[in-house]
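Okay, thanks everyone for coming.

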Amino acid sequence: MGEDKTTPGEQEPKVVEKENPRDKKDEYGQKKHNSKPATAADPFLLEEIYSDACQIFAPNELLTPRSKSVLVALDTNVLLLPYNLGKGDFPALGNVYSNLAKEGRLFLPERAAREFIKHRDRKLADMAQAIDDKASRLGNWDTKLTSLLLEGFPGQDDLIKSGDNLGEATKKYTEMLHQLSAYVKSWRGNDPVTVLYQRIFTKENIIRPSEDNDKIIEKLKYAILNKVPPGYKDSDKEDSGVGDLVIWMSLLNLGKETKKDLIFVTGEEKADWYVRAGKNTIYPRPELVYAYRQASSGRSLRLSSLHDVLK
């Protein structure tokens, strides 16, 4: 045993217990979890997510974009939708976005803008390839028929004339498809979709998280370990699902600053965003509804497809 060096009448110094981080709350009103790397799921996960039990029973309003008090934010997959051939009416979509932006109700997470530019040119290349493939198939179109098949056929002359007309029209159409493909390939950031986004998204309506990267990574590790939505379903991706989390934290920051209801327009259907019934999305995850309510001082959140918003 070591020698006791405490002099008579002298008390040993008290050990001051550090404040438990679990008792602290972050800027959104949720408890802060321990920053130490965790190796097992948090047994108090429900207490972590739903820090104020009294708020659990508050209803989540079914929001409509027609309401002038409701904000609308777009996900990456929604930004890329116009590049899918045959999807929607782009001029009408542009009008909706422009009107929302003029009313100060349209927002875009910075991360969504960055993911858009990462995938945009691949979308454009796929469009050009689809046009080239169509032109190639039409180029092999043959309207000629053997004379044996036409022998004695009463509509022979009309059939031959129609075939010649179709052949000329097909040739002209194929030439125009090649021109269209060349036009698409000539774009350098000035395609109609990008031009629209450049016009309506500015510093005033592009949003970001308030946390720094280290804090976001800390939250991501906790979310993956405990399957906290959103993002944990993308943990096997190159970015480990941080994209979804950064977008979500941007939405929470928007709610904190504006204290308004929000419709998040997304093509997501995974279980870390929605409660599903078979293949159908039914409700937004209650964890997301509660987190947005806490961040926005009681406001509601709706997850919606672009089709439902435009409808």
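So, to start: what do the buried residues of α7 pack against? They pack against α2 (76-80), α3 (90-102), β2 (106-109) and α4 (110-139). Contact here is heavy atoms within 4.5 Å, and buried means under 20% relative accessible area, exposed over 50%, partly exposed in between, with a 1.4 Å probe and protein chains only. Helices (H or I, at least four residues) and strands (E, at least two) are DSSP runs, numbered from the N terminus.

Quick housekeeping: this is a predicted model, where local features need pLDDT of at least 70, side-chain atom pairs count only at pLDDT 80 or more, and totals for chains, interfaces and linings use all residues. Residues are numbered from 1 along each chain as its sequence is written, and side-chain values use heavy atoms, with hydrogens and water left out.

Back to α7, residues 192-200. The buried ones are Val193, Thr194, Leu196, Tyr197 and Ile200. They span an arc of only 160° around the axis, so they sit on the same side of α7; that arc is taken from the directions from the helix axis to the C-beta atoms. If you want the background, an α-helix has 3.6 residues a turn, so residues three or four places apart point the same way. Turn to the face away from the buried side and you find Gln198 and Arg199, which are exposed. At the N-terminal end, Asp191 is the cap, with a side-chain oxygen 3.2 Å from the backbone nitrogen of Val193.

Now the sheet. It's open, has five strands in the order β3-β2-β1-β4-β7, and pairs in parallel; two strands pair if DSSP finds at least two bridges between them. β3 (206-207) and β7 (301-304) are at the edges with a single partner strand each, so one side of each has no neighbour in the sheet.

What about β4, residues 262-265? Four bridges join β4 to β7, and β1 also pairs with β4 over four bridges, in the parallel sense. Leu262 stands opposite Leu301 in β7, and Leu262 is also the bridge partner of Leu71. Which way do the β4 side chains go? Leu262 and Phe264 point one way, Ile263 and Val265 the other, and all are buried.

Last, the whole chain: there are 11 helices and seven strands, and buried residues make up 38% of the 311 residues.

Key:
Polar contact = N/O pair within 3.5 Å; in protein donor to acceptor, adjacent residues only side chain to side chain.
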